[in-house]
Amino acid sequence: MADTKQLPSLDGDPMAAEAWLRDVFEIIVEEAIQKGTRASEKVCEWKEPEELKQLLDLELQSHGEAQEKILERCRAVIHYSVKTGHPRFFNQLFSGLDPHALAGRIITESLNTSQYTYEIAPVFVLMEEEVLKKLRALVGWSSGDGVFCPGGSISNMYAMNLARYQRYPDCKQRGLRALPPLAIFTSEECHYSINKGAAFLGLGTDSVRVVKADERGKMIPEDLERQINLAEAEGAVPFLVSATSGTTVLGAFDPLSAIADVCQRHGLWLHVDAAWGGSVLLSQTHRHLLDGIQRADSVAWNPHKLLGAGLQCSALLLHDTSNLLKRCHESQASYLFQQDKFYDVALDTGDKVVQCGRRVDCLKLWLLWKAQGGRGLEQRIDRAFALAQYLVEQIKKQEGFELVMEPEFVNVCFWFVPPSLRGKQESLDYSQKLSQVAPVLKERMVKAGSMMIGYQPHGARGNFFRMIVANPMLTHADIDFLFKELERLGQDL
């Protein structure tokens, strides 16, 4: 006989569900929004993996729990998570917590629809196209196409697939048999998704030709030309150049106009990975960093980074007006994309993408833009640049801090030189010992919960900190705190 005992569920009781969700929202506001963005609170509450597993009680059981217990679990999840909205979270290319963007994310999750047909997502089909149109206009295009993708890596992969399909449309049906050996060109400072994309699309990582970058991390157009000629001499067919606007570590912007000249001479698709730096187009003061981007065939742009739209919000923008995106990916599933619908089926955009179900990623950006306006977003970008410059000026003034290079973006890279190494730059083991400092300090700051800064080696350089100045809530006081905290954490090194 079936067990008829009532389960501790909210199914069938809308009033209880509403009351419970209000309690959840109260926890979210208190723990994630208020405490999570307060400088006096910790960025994280570090626990070792085994201890964290025990604290969270992760194992799933056959019986449900009381709603009060689930509320406790909600609080615990937030408590032990990293607060990426915290003003002293400098670790990634995204940070901050914009309330309007958050409202968009909450509404998106509440409506739980899929962005593939107008019939089930009418508001968001129209909204996505309007947002993409605005982004394309900032690039410099009066027409084109595009789609929101699950992250910048996927946007880059889409561009690679589109460039291949444009040149060899038979590959959609015949696969790799329809292709000669192909060659992709990108800088040694490119995002790793270019290599991943080549592998994922069956081109192989050997198809990626690495172009030299200068001392500031910018692609050298003359070496691009040389690499293209070399590939052709070896029997490969060049088809795509991927330039970068805002490299991950140094924040470098490739010289797009010169690269576009090379692409034009050789008839190559130019993709610009502006996942990080694309938002600079909103600033009249700094958009010159992307001069020439209007000559690209495709652009990847992540508003969830510098604009603070929240994860994830990644646009692939195309200059193409021939419906290339749909032709490359369409499968014409008859249960979704019926051609005899009662509305314009051109509004069913789901066949443009590889996915079937696709989350709504436009609302958070749309609400953010409506609230801030283009001018407000421009001020946000300009303020980030100004704060980055303030950080640079302070580094130059502080004993024990050394810039890796003068930044042109909001990536500020520096070494902390502990007391034992100051004045010993001529020592044979100086670089080796200096490289050991950042990992130790990273562990200490994370375990203290005081802040989070990323570090990495780069070429011949040993480990250094990469500080990202992007959080709209960041102040001079937070930057000043960084210097004091690093001195405190590293005083015995």
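Modeller: A term to start with: a salt bridge here is a side-chain nitrogen of Lys or Arg within 4 Å of a carboxyl oxygen of Asp or Glu. And keep in mind that this is a predicted model.

Biologist: Fine. How far apart are N and O in the salt bridge of R488 and E485?

Modeller: The N to O distance there is 2.8 Å, between the side chains of R488 and E485.

Biologist: And where do R488 and E485 sit relative to each other?

Modeller: Both are in helix α15, residues 476-490. They are three residues apart, so about one helical turn separates R488 and E485.

Biologist: Is E485 buried or exposed?

Modeller: E485 is buried, because its relative accessible area is 5% and buried means under 20%. R488 has 45% relative accessibility, so R488 counts as partly exposed.

Biologist: How many salt bridges does a search of the whole structure find?

Modeller: The search finds 33 salt bridges. One of them joins the side chains of K396 and E406, at 2.3 Å from N to O. K396 lies in helix α12, while E406 lies in the loop between β9 (401-403) and β10 (411-416). So this pair ties together parts that are 10 residues apart in sequence.

Biologist: How open are those two to the outside?

Modeller: K396 counts as exposed, at 53% relative accessibility. E406 is partly exposed, with a relative accessible area of 35%.

Biologist: Which residues are linked in a network of salt bridges?

Modeller: E30, E31, K35 and R75 are linked that way.

Biologist: New topic. You mentioned α12. At what angle do α5 and α12 pack?

Modeller: At about 65°, with the axes 10 Å apart. Helix α5 covers residues 122-139, and helix α12 covers residues 363-397. Their crossing is left-handed.

Biologist: Which residues of α5 and α12 meet there?

Modeller: From α5 come F124, M127, V131, K134, L135 and L138. From α12 come L363, L365, W366 and W369. By class, the contact has nine nonpolar, no polar and one charged residues.

Biologist: On to the strands. In what order do the seven strands of the open sheet come?

Modeller: The order is β2-β8-β7-β6-β5-β3-β4, and the pairing is mixed.

Biologist: Which strands stand at the edges?

Modeller: β2 (145-149) and β4 (208-211) do. Each has a single partner strand, so one side of each is left without a neighbour in the sheet. On average, neighbouring strands of this sheet are turned by 20° against each other, direction ignored.

Biologist: How many bridges join β7 to β8?

Modeller: Four bridges join them, and the two strands run antiparallel. Strand β7 spans residues 298-301 and strand β8 spans residues 314-318. One detail of that pairing: W301 has A315 in β8 as its bridge partner.

Biologist: What about the backbone? Where is there a cis peptide bond?

Modeller: Between L311 and Q312, with omega about -10°. Q312 is in the loop between β7 and β8. Most peptide bonds are trans.

Biologist: Last one. Where is P14 found?

Modeller: In helix α1, residues 14-34. P14 is exposed, with a relative accessible area of 63%. P14 and Q372 are 358 residues apart in sequence and 35 Å apart in space, C-alpha to C-alpha.

Definitions and conventions
Residues numbered from 1 in each chain as written. Predicted model: local features only at pLDDT ≥ 70, side-chain atom pairs only at ≥ 80, totals over all residues. Heavy atoms only, no water. Axes fitted to C-alpha atoms, helices over the stretch in contact; angles between N-to-C directions. Left-handed = near helix turned anticlockwise from the far one by under 90°. Contact = heavy atoms within 4.5 Å. Nonpolar A, V, L, I, M, F, W, Y, C, P; charged D, E, K, R; others polar. Buried < 20%, exposed > 50% of the residue type's maximum accessible area, 1.4 Å probe, protein only. Pairing = 2+ DSSP bridges.
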